[in-house]
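Open the model in your viewer and keep the selection tool ready.

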Amino acid sequence: MTTNIKRIGVMTSGGDAPGMNACIRAVVRTAAFHQIECYGIMRGYQGMIENEIIKLESKDVANIIQRGGTILKTSRSEMFMTKEGRQIAADNLKNFGIDGLVVIGGDGSFRGAQVFYDEHKIPGIGIPGTIDKDLAGTDFTIGYDTAINTVVQAIDKIRDTADSHNRMFFVEVMGRDAGFIALSSGISVGAEAVLIPETKTYIDELIANIESGYKRKKLCHIIVVAEGDEEGGAVQIAEKVKAKFNHIETRVSVLGHMQRGGSPSCNDRLLASRLGHAAVDALIDGKLNYMVGIINDKIAFTPLAKANKQQPQINEELLRLVEVLSA
Ligand code: ADP
């Protein structure tokens with residue numbers, strides 16, 4: 001089936017992620033290729049309600065592929081959670097003649113798109129843009145690769161100073177529900193331990209590991225902690241551990257929002273370009289209310305209603321790597 005879509009809206013919503021601009025560019029240029037008009041909706045669903053909608057042409061997305069953040073801005077909208085808010089948003093889109101949406105965001109944004117379709121019949125295609133990589137229906141999300149590279153660069157620097165002073169560092173990385181960032185970056189920086197929400201953290205075991213490291217003359221330790229670990233963030237875990245190591249200086253570093261920023265990596269630009277292109281093609285082909293993702297390096301579609309946060313599914317092989325390689 002092909003649809004008669006003539007005008008589409010593109011927006012970024014929820015948490016921002018590097019590579020969103022590359023994705024906006026791909027959507028706008030693919031639409032232009034098919035002679036479909038494209039409008040940018042500012043600040044996610046909130047801008048849709050406040051009628052902040054601007055025409056986007058190919059030239060408007062020049063020179064943004066390498067930029068972090070999102071030129072369309074993003075937000076979380078309480079008003080869109082209400083029927084009244086969504087009615088205003090739908091009226092605004094109808095005034096512009098927008099008959100399809102590309103929503104770049106996380107599972108919350110996709111839920112919004114589904115409810116919006118159910119009520120107002122304006123279809124949407126979701127594109128996974130989140131640094132957390134915790135969505136079903138895709139192997140990668142836009143922003144994840146850049147975020148882990150940012151973390152690796154930061155921890156490499158921390159290790160230089162940790163090593164110079166023989167210090168123990170607890171480094172907190174993002175990941176409220178998912179340990180993907182912590183585990184991938186932890187292995188890549190040679191962390192002595194990685195603590196993640198998906199697996200139980202035993203403080204006694206951690207202390208024993210560190211002690212055994214010191215006995216083997218390991219003089220600097222890097223412990224990577226995902227912010228959502230059930231024993232607490234890096235500050236809390238450091239408190240629990242350091243009492244046992246009076247002779248060793250301990251420091252905590254919370255990497256925070258730097259993980260969301262920066263110029264997107266090559267992988268994220270490529271992924272964003274592929275998904276943005278596929279999303280517009282899907283709207284044209286009448287494949288409505290799906291999330292477009294990537295599985296085994298092929299474009300894959302998952303109904304928006306099923307593109308939820310993935311059940312914690314951590315790769316056992318990676319967990320084993322931390323244990324074996326940090327010895
Ligand atoms: P993310 O898309 O990164 O998961 P959020 O969960 O904050 O981020 O969702 C972004 C926005 O999507 C919310 O601020 C809200 O406006 C909208 N949204 C989320 N869930 C729903 C829902 N069930 N119904 C309507 N809108 C929703």
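Here is what to select, stop by stop.

This is a predicted model, where local features need pLDDT of at least 70, side-chain atom pairs count only at pLDDT 80 or more, and totals for chains, interfaces and linings use all residues. Residues are numbered from 1 along each chain as its sequence is written, and side-chain values use heavy atoms, without hydrogens and water.

**Stop one: the largest pocket**

Select Gly14, Gly15, Arg76, Gly108 and Ser109. Of the 33 lining residues, these are the closest to the centre of the largest pocket. Its volume is about 830 Å³. A pocket here is an open set of points on a 1 Å grid over the protein atoms alone, where a 1.4 Å probe fits, with protein on both sides within 12 Å along at least five of seven lines; lining residues have an atom within 4 Å of a point. The volume is the space filled by probe spheres set on the points, joined across faces, edges and corners.

Next, select helix H4, residues 107–120. H4 gives the most to this lining, 6 residues. Helices are DSSP runs (H or I, at least four residues) and strands likewise (E, at least two), numbered from the N terminus.

Now colour by domain. Domain 1 (7–143 + 264–306) and domain 2 (145–261) each supply at least three residues to the lining of the largest pocket. The bounds come from an automatic or database domain assignment.

**Stop two: the second largest pocket**

Select Ala193, Val194, Glu205, Asn209 and Glu323. They lie nearest the centre of the second largest pocket, which 27 residues line. Its volume is about 580 Å³. Finish on H7, which provides the largest share of that lining, 6 residues.
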